Amino acid sequence: MSLYSHSIQINTDRCAGRMRCMRTCPTQAIRVRSGKALMLEEKCIDCGECITACPNGAIVPLTNPFGELTKFRHTIAIPSPALYAQFGREILPDKILNGLKKIGFDDAFDQALTCGEVSFAIQEYIRDYKGPKPLISNTCPVIVRLIQVRYPDLVDLLIPIDNPREIAAREIKKKKARQYGLNEEDIGTFYLTPCPSKMISIKQPAEKGKSHLDGAIAISDIYGPLLSAMEAVANESYRKSLENICILGIGWAMVGGICRTLRLRNSLSVSGLTDIIKVFDDIERGKLRNIDYIEAYSCLQGCVGGSLTVENVYISYNKILKLIETLEFEKIKACPDIREVRRRYQEKYFFMEGKIEVRPLKPLDDDLTRAIAKRKQKDDLYETLPKIDCGACGSPTCLTFAEDVVKGEAKLADCVIKSAGQELSAAAPGRKSKIPLKGKEP
Amino acid sequence: MSGENVLSQSFEIIGGNFGRAGKASTTVKDILKELGIDPSIIRRTAIATYEAEMNVVMYAEKGEMTLRVTPEMVHLHLQDQGPGIPDIKLAMKEGYSTATPEMREMGFGAGMGLPNIKKNSDLFEISSEVGKGTRLEIFIYLNPKVKANP
């Protein structure tokens with residue numbers, strides 16, 4: 001039994017050891033050993049970059065199959081607002097929610113409404129907050145994991161307001177149990193997810209024992225059936241459907257959506273792990289203290305860029321953006337009642353149920369003196385390596401290889417360049433160059 | 001102190017090179033993480049090294065930062081070749097700054113650099129010679145109870 005569960009699985013039979021995943025992984029969590037990819041569980045933050053990178057389809061997301069609905073007496077779909085971005089402009093959330101009821105769910109809940117409430121709750125929290133800044137959004141599970149693993153000193157900056165998907169699942173379960181006289185356990189809540197990482201926040205929440213969601217189904221798995229089912233859904237009037245959209249909530253599908261609809265002045269929106277790492281490095285240095293809130297998503301452009309979505313990310317980003325602009329232009333504000341949100345905020349309705357703990361990477365050694373010695377060994381070893389990051393040893397870079405050797409997880413002989421050099425100098429003793437210089441013999 | 005237990009690494013800092021600014025402090029931070037140093041100490045070191053590094057980038061011609069980690073402490077030594085500081089007491093005052101409008105535009109020059117370094121270190125020494133350069137010594141102890149003499 002491993003300590004951490006992950007939402008990604010490597011199918012060793014299908015893996016051809018082509019190393020694309022190893023080179024793509026932003027946290028250097030993949031090695032190739034004996035020709036097969038291997039995940040270092042401690043380092044993986046479930047971003048899913050490797051799923052897209054693998055040419056053999058050997059890395060798969062562990063979402064729930066559509067068929068698992070039968071385990072519950074009453075099932076509710078809770079779609080990520082990113083689902084609304086997957087279809088053409090004329091298809092609005094109303095129609096999509098109705099379509100979901102035709103493909104096997106007993107009910108579909110518009111999570112955008114909860115997103116809107118949580119937006120207000122975030123605003124309340126920021127207004128009264130006096131601690132160190134900037135606060136960081138916790139909605140993307142990859143960002144939460146990245147902070148737990150690589151930036152443990154920033155963990156207290158994660159905003160303690162819970163995710164809309166968790167609050168939505170908690171409340172809808174209570175409501176439906178009352179309505180139908182069922183136990184909460186009989187009600188299955190399924191998140192329709194744009195990425196595999198939500199699965200991990202359900203299976204192993206960062207801050208509490210158990211999630212209120214019972215599973216996550218990939219948007220790409222339901223897309224086909226949903227598209228055909230919607231053909232049978234009668235069209236409501238466009239204007240009426242628009243009036244049902246929560247402008248604050250719909251923005252959660254894309255990066256910057258929360259800050260834009262809340263009109264937060266001192267906020268920053270970042271997407272894509274490479275850029276996020278730069279921003280987090282700046283926070284660690286004490287910069288950005290004048291920023292109140294950072295919206296950060298692992299996927300480029302936010303949830304619409306998730307690896308389990310169907311539509312081109314720029315098209316779906318644009319759909320949400322245009323929808324927000326239309327709602328602004330038409331002055332449609334189907335928002336939650338702010339007074340009601342404030343009342344519930346006072347009752348701690350929006351707060352996380354536990355504290356997010358750090359999960360820092362294992363140091364080179366638990367004993368500092370030995371860790372210092374190993375770090376020196378690593379530096380010395382690295383100096384002797386070719387530094388071309390060819391990856392043939394099975395580690396992504398020469399630096400990670402040096403670390404793997406020092407930790408006893410790889411053998412120096414695995415460096416093919418170094419081994420070849422040694423063979424050559426053994427064959428021609430006394431010569432300094434690793435390459436025999438033909439025709440230049442004295 | 002035996003050399004065995006000391007990790008020592010030096011970084012060159014080039015004045016005016018804003019493109020690479022922050023590189024040294026990021027590397028220092030990564031080394032401390034690899035050694036398993038307590039996150040709160042890493043944060044203090046990160047802030048102190050970054051402010052010190054940026055001072056060299058903004059004001060000096062060039063400088064060198066040397067990190068030494070022992071089982072007891074993190075020690076940073078900075079020596080730059082630059083204009084020096086005529087009045088250290090004044091420079092240590094919160095809010096005092098000689099930053100140009102351009103530097104302020106970039107978010108520096110709030111006059112918190114040196115005070116911030118001092119605030120984040122357990123022991124801080126500064127000396128300067130006008131026209132030659134400035135030297136900083138920053139000590140951060142790993143065990144807060146033992147404030148051993150460096």
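A crossing of two helices is called right-handed if the near helix is turned clockwise from the far one by less than a right angle. The term is used in the first legend below, and all views are taken from a predicted model.

**View 1. Helices α4(A) and α14(A) cross in a right-handed sense.** Helix α4, residues 111-128 of chain A, packs against helix α14, residues 338-346 of chain A, at an angle of about 65 degrees. The two axes are 10 Å apart. On the α4(A) side the contact is made by E117(A), F120(A), A121(A) and E124(A). On the α14(A) side it is made by I338(A), V341(A), R342(A) and Y345(A). By class, these residues divide into 5 nonpolar and 3 charged, with no polar residue. An α-helix has 3.6 residues a turn, so residues three or four places apart point the same way.

**View 2. Helix α3(A) and the elements that cover its buried residues.** Helix α3 spans residues 93-102 of chain A. Its buried residues are P93(A), D94(A), I96(A), L97(A), G99(A) and L100(A). The cover over these residues includes two strands of chain A, β5 (74-79) and β6 (107-108). Helices α4, α8 (219-231) and α9 (238-243) of chain A are also among the covering elements. Just after α3(A) comes G104(A), which has a positive phi of about 125 degrees.

**View 3. V310(A) in the loop between β11 and α13 of chain A.** The loop that holds V310(A) runs between strand β11 (293-297) and helix α13 (313-329). Is V310(A) buried, partly exposed or exposed? V310(A) has 17 other C-beta atoms within 10 Å and is therefore partly exposed, because a buried residue needs 20 or more and an exposed one has 12 or fewer. Leaving aside residues up to four places away in sequence, V310(A) touches Q86(A), I219(A), S220(A) and Y223(A). V310(A) and Y223(A) are 87 residues apart in sequence, yet their C-alpha atoms are 7.6 Å apart in space.

**View 4. The domains of chain A.** Chain A is divided into domain 1 (8-61), domain 2 (66-346) and domain 3 (368-427). The centres of domain 2 and domain 3 of chain A, taken over C-alpha atoms, are separated by 44 Å.

**View 5. The contact between chain A and chain B.** Chain A gives 18 residues to this contact and chain B gives 21. On the side of chain B that touches chain A, α1 (23-34) and α2 (39-59) of chain B each supply at least two residues. Helix α2(B) gives the most to that side, with 7 residues. By class, the side of chain B that touches chain A has 10 nonpolar, 8 polar and 3 charged residues.

Methods: Residues are numbered from 1 along each chain as its sequence is written. Chains are lettered from A and ligands numbered from 1 in the order in which they are written. This is a predicted model: local features need pLDDT of at least 70, side-chain atom pairs count only at pLDDT 80 or more; totals for chains, interfaces and linings use all residues. Axes are lines fitted to C-alpha atoms, for helices over the stretch in contact, and angles run from 0 to 180 degrees between N-to-C directions. Helices (H or I, at least four residues) and strands (E, at least two) are DSSP runs, numbered from the N terminus. Two residues are in contact if their C-beta atoms, placed from the backbone, lie within 7 Å. Ala, Val, Leu, Ile, Met, Phe, Trp, Tyr, Cys and Pro count as nonpolar, Asp, Glu, Lys and Arg as charged, and the others, Gly among them, as polar. Domain bounds come from an automatic or database domain assignment.
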